[in-house]
Amino acid sequence: MSYSIGYLGPKGTFTSIAVDALFKGERHMPYQTIPNCFDAVKFGHVKFVVVPLENTLEGTVNLTLDYLIESKSLKIVSEIVVPIKQHFMVHKRNVDKWRDIEAIYSHPHALAQCHYFLTQTMRGAKKETFNSTGAAAELVSQHPNRLIGAIANEQAAATFDLEIVKANIHDILNNHTRFVVLHKNDTALRTKHMPIKGFKTTFMIALPTDHAGALHQVLSAFAWRRINLSKIESRPMKTSLGQYYFLIDIEQKMDDILIPNTIQELEAIGCQVEVLGSYPYYHVNER
Ligand SMILES: O=C(O)C(=O)C[C@]1(C(=O)O)C=C[C@@H](O)C=C1
C-alpha cells in the first residue's frame, strides 16, 4: 500500500483542505466520489479516508451518512471542522466575459450555499452539479473555449490556474463543514498538528417496533445520565416507509461505565445499537 490516506478529490476540494490540516505532509490519494472513498478504505487500498459529513447551511451529506450506515465495518476515528468560503472562478481567458458565463459547475452543496449569488447575479446561467468543487474547477481549466465557471475554494483556483472573479459568494459568513476520517478499526486518530477541541461518540440506533414514546425512551436514557447530545438525525432504513435509524452524537468519549450502561439500557428496551465511533474533533482556524 503506497498511500495511507484517501479523500474526496481532486486536489483543491474542501476535503483536501481537511486532509492537509490533519495529515500535514503525508501522501494522499484522491478519489472521485464518496462511494469510491468508502470502497478504497473497505478494500484496503488506503488505511484512512476523509469525507464530508455535514455543512452549516446544507445539513448532512446524505451520501456519506447512508454509506456509513451500510458500511458497518468502518468507524469514525476523527473529525475536523473546516471554514467554507466559496468563490466564483473562470478560466483566465474568460475574465472579461464572466458576466456572460452560460453554465456554472460545482458540488450540489456548494451550489446550494451560494443561492443568493446564483439567483441574483448569475440568474441566466445554468447550474450544473459535479462530484466535487475541485473537479468542477478542473473541468473549467480544461475548457478555455467554453463560457463556463466553477464555484470552489482559493486552493482550487490556484491549483487549476483560474481567476476568482467574485469572492465569498456563500449566503452566510458562518459557513463550516464537518469532515470525518474513517478507518477499519475504532482506534481514535489524533493529530499533532492541532489542539483537540473535544470528543464525540456517534451511535446508530434502530428503535424497537413502532410504539408510542419509543424515541422518548431512547432520549431519556441519555438525559437522566446528563449526557449532552450534539446532534440527532433520522435516516430511512430503506426497508419500508416509516422505518428509521436514529443517528445520535454525544459530546464525550467512550468510557467504562456511563456509555456501556446507556447502551445496555437501550438494548433492554429493544433497540439495536451500534457505536459508529468515539473520536476527537478538531477545528481549522478562520483565515
Ligand atoms: O466538493 C468539495 O470540495 C467537497 O469537499 C465536498 C463538499 C460537501 O460535500 O459538502 C465539502 C464542503 C463544501 O460544503 C462543499 C462540498
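Reply: Let's start with H28, which counts as buried because 21 other C-beta atoms lie within 10 Å, and the cut-off for buried is 20 or more. Keep in mind that this is a predicted model. H28 sits in strand β2, which covers residues 28–31. What is H28 in contact with, once its neighbours within four places in sequence are left aside? The list is Y3, I5, G6, Y7, V19 and F23. Take Y3 as an example: H28 and Y3 are 25 residues apart in sequence, yet 5.7 Å separate their C-alpha atoms in space.

From here, look at the loop between β1 (5–8) and α1, where you will find P10. The peptide bond leading from G9 to P10 is cis, and its omega is near 10 degrees. That is worth a second glance, because most peptide bonds are trans.

Next comes the ligand. There are 15 residues around it, and T13, P52, H109, S132 and T133 come nearest. Sorted by class, the shell holds nine polar residues, six nonpolar ones and no charged ones.

In the UniProt record, an unreviewed entry, residues 4–184 are annotated as "domain: Prephenate dehydratase". This stretch is 30% helix and 32% strand, with its end C-alpha atoms 12 Å apart. The chain is also divided into domain 1 (87–166) and domain 2 (198–283), whose centres, taken over C-alpha atoms, are 40 Å apart.

Between β10 (162–166) and β11 (176–183) there is a loop that contains N168. The phi of N168 is positive, near 50 degrees, although N168 is not a glycine. N168 is partly exposed, because it has 13 other C-beta atoms within 10 Å.

Now move on to helix α8 (214–223). Its buried residues are V218, A221 and F222. Seen down the axis of α8, these fall within an arc of 100 degrees, so they line one face of the helix. H216, S220 and A223 are on the other side, and they are exposed. The buried residues of α8 pack against β12, β13 (229–236), β14 (244–250) and α9. R226 is exposed, because 7 other C-beta atoms lie within 10 Å.

Finally, turn to α9, which runs over residues 258–268 and has I259, T262 and L266 buried. These three cover an arc of only 55 degrees around the axis, so they are on the same side of α9. On the other side, P260, Q264 and A268 are exposed. The buried residues of α9 pack against β12 (198–206), α8 and β15 (272–283). After α9 comes G270, with a positive phi near 100 degrees.

Key
Residues are numbered from 1 along each chain as its sequence is written. This is a predicted model: local features need pLDDT of at least 70, side-chain atom pairs count only at pLDDT 80 or more; totals for chains, interfaces and linings use all residues. Domain bounds come from an automatic or database domain assignment. UniProt positions are given in the numbering used here, feature names are shortened, and annotations may be inferred rather than shown by experiment. Helices (H or I, at least four residues) and strands (E, at least two) are DSSP runs, numbered from the N terminus. A residue is near a molecule or strand if its C-beta atom, placed from the backbone, lies within 6 Å of it. Ala, Val, Leu, Ile, Met, Phe, Trp, Tyr, Cys and Pro count as nonpolar, Asp, Glu, Lys and Arg as charged, and the others, Gly among them, as polar. A residue is buried if 20 or more other C-beta atoms lie within 10 Å of its own, exposed if 12 or fewer, and partly exposed in between; C-beta atoms are placed from the backbone. The arc is that of the directions from the helix axis to the C-beta atoms. Two residues are in contact if their C-beta atoms, placed from the backbone, lie within 7 Å.
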